[in-house]
Amino acid sequence: MSPDSALVGTGGIAVMVAYLVALLVLGWMGRQARKEKSLADFYLGGRNLGFFVLLLTLYATQYSGNTLIGFSGSAYRNGFAFLVAVAFMMGVVAMQFVFAPKLHRLSHEHGYITLSDFFYHRFRSRTFAALISISGIIALLNYVLTNLKAIGTAAETATGGKVSFAQGVIFLSVIILIYETLGGLRSVAWTDVLQGIILAIGCLVIFGVILFTYDGTSGVFSALQEKRPDLWQPLTTAQYKTWLSTLLVVTGGVAIYPHAIQRIYAASDSQKLKRAYQVMLFMPLFTTLLMIFVGWVGAAQIPGLERAASEGITMRMLGELTARYPVMQFVVILFLAAVFAAIMSTVDSALLSISSMITQDLYRPLNPSMPEEQLTRLGKWISWGLMALMVPLAINLPQTIWWFVQIKVELLVQALPALLFGLYWNRVQTGPALWGFLVGTGVTLLFAVGSNFSDAIPAKPFGMHGGLWALVLNILIVGIGSTVLRKKPSNE
Amino acid sequence: MPLRILLLVLALLFLCTPFWAVGDTGIMAGLPRWVIYLVMVCVFFPAAVSFLVQRNWEALAQAGDSEKETEG
């Protein structure tokens, strides 16, 4: 990649540097605002996040780099069928609404730090709590790895190779680690405010500029009907089944992301959390839908791109735009800033959550007398250690291993039945809840891994995700198992 | 109550899928039907769930008292 192909000039790089410096300053301010050296202060911001910070940290965390890059590419390839993304981004918030009110109350009453703290408190099984943590850690490690890979690509593309892929990954990882270990969730949430604002403004401006350039919605739809009539076709039965299955699996799996749960714990009061969710319900309208629309515009204006090329459709259109109107260079800078903001806000939250699960759920039970100050320090070292492990992996591992990423939500959703039953159904028993989770996880892995090695095992039996069938099995085990065990007289 | 809310949310999610236009019916072959779909998913769904949130948040926070029943 030649430096001449850089997407941003000196001015753009100066803006990026200013943005990174601002993140470090916010991290330092988070440290200064520290109230005590406790796990709750470090991992949950002292359970004191107000409405504005809470809203933007929920927003910046839910929307990753995939929203800006992957969603437009998918809309380019799949047309209107990809509107499922708008539905599942709203579904995630709707699903969280079902369990957040009670989980928030219990977390404040009983001092939960992680998702597993609820499982231990409710089911009194250290094994179950540890398994939930391990499942969350595996899913989030994948998330961090893919986002690190994306950030390296973004840095290399933006600078035309002046900053290599590896340098980009290392440099930005260190920035994330510094502000995260300075002030924990408080710093991360404050940086999320900046990142959330950049992300929202970026999506709106990019949408507006592209819409204006390509003759508004009527111009776009006319061009689409002429050049890509296939995008308008009604769904086939098979496509609809995939739509429904994707909607359910992603809605349930993303709703239970460990770092999203920790934001529920971190809300200062229930009413602020409620209002934040009410606003969050409408955010896909201003983020996901806009980026899908950008993908459709790309399909109408630059048809015929292969899969890899279609992933860069937004950047390609912005490149053409600035070639025609150099004054529009600021939009490219804004887009890149939004990409960095979306990726970094996801990585920092996921990393902090992994660190909390290792410290609180896996290490603390082995050493219960360790003071919280030391545990917090240990958690910071764990963050640095994890990043030292993941950065080389992100740089060196081939893209082919990323099939595993696709099943992360299918794995995470297996904890949802135990969470919902545990919160609201008094009769649920530990054994069936644990076995439901284990069987659900096992069946998900069987379909996901098996389909890579044998044609006899489909990844989507009857057109639905393996994880969805596993979820049904999981629910049946928890429900029927708890009912049967409850009916058994205790002296038998 | 929580079960009713969960089922309502799932029902709303289902309503906001294009189940009414699957196959070769041609119902969704033109732009206006997709606009209707967009209105359903982008306006009706969040507005309906937001209403549910407003009405049921407190009740959900207090629903059940599960921990007393836990058996290992």
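**View 1. A:Leu273 lies in helix α13 of chain A.** The model shown here and in the other views is predicted. A:Leu273 has 28 C-beta neighbours inside 10 Å and therefore counts as buried, the threshold for that class being 20 or more. Leaving aside residues up to four places away in sequence, the contacts of A:Leu273 are A:Leu54, A:Ala100, A:His104, A:Ile264 and A:Ala267. A:Phe51 is 222 residues from A:Leu273 in sequence. In space, the C-alpha atoms of A:Leu273 and A:Phe51 are 6.8 Å apart.

**View 2. Buried residues of helix α13 of chain A, residues 270-280.** Besides A:Leu273, the buried residues of this helix are A:Lys274, A:Ala276, A:Tyr277 and A:Met280. Viewed down the axis of α13(A), the buried residues fall within an arc of 165 degrees, so they line one face of the helix.

**View 3. Packing of helices α7 and α8 of chain A.** Helix α7 of chain A covers residues 115-123, and helix α8 of chain A covers residues 126-158. The two pack at an angle of about 160 degrees, and their axes are 8 Å apart. At that angle α7(A) is roughly antiparallel to α8(A), because angles over 145 degrees are classed in this way. The crossing of α7(A) and α8(A) is right-handed.

**View 4. Residues in the contact of α7(A) with α8(A).** Helix α7(A) contributes A:Leu115, A:Ser116, A:Phe119, A:Tyr120 and A:Phe123. These meet A:Arg126, A:Phe128, A:Ala129, A:Ile132, A:Ser133 and A:Gly136 in α8(A). By residue class, the contact of α7(A) with α8(A) holds seven nonpolar, three polar and one charged.

**View 5. The contact between chain B and chain A.** Chain A gives 47 residues to this contact and chain B gives 39. On the side of chain B that touches chain A, α1 (2-15) and α2 (31-62) of chain B each supply at least two residues. The largest share of that side, 13 residues, comes from α2(B). The side of chain B that touches chain A is made up of 26 nonpolar, ten polar and three charged residues.

**View 6. Chain B, with two helices and zero strands.** Chain B has 72 residues, of which 26% count as buried.

Notes: Residues numbered from 1 in each chain as written. Chains lettered and ligands numbered in written order. Predicted model: local features only at pLDDT ≥ 70, side-chain atom pairs only at ≥ 80, totals over all residues. Axes fitted to C-alpha atoms, helices over the stretch in contact; angles between N-to-C directions. Helix = DSSP H or I, 4+ residues; strand = E, 2+ residues; numbered from the N terminus. Parallel < 35°, antiparallel > 145°, perpendicular 65-115°, else oblique. Left-handed = near helix turned anticlockwise from the far one by under 90°. Contact = placed C-beta atoms within 7 Å. Nonpolar A, V, L, I, M, F, W, Y, C, P; charged D, E, K, R; others polar. Buried ≥ 20, exposed ≤ 12 C-beta atoms within 10 Å, placed from the backbone. Arc of directions from axis to C-beta.
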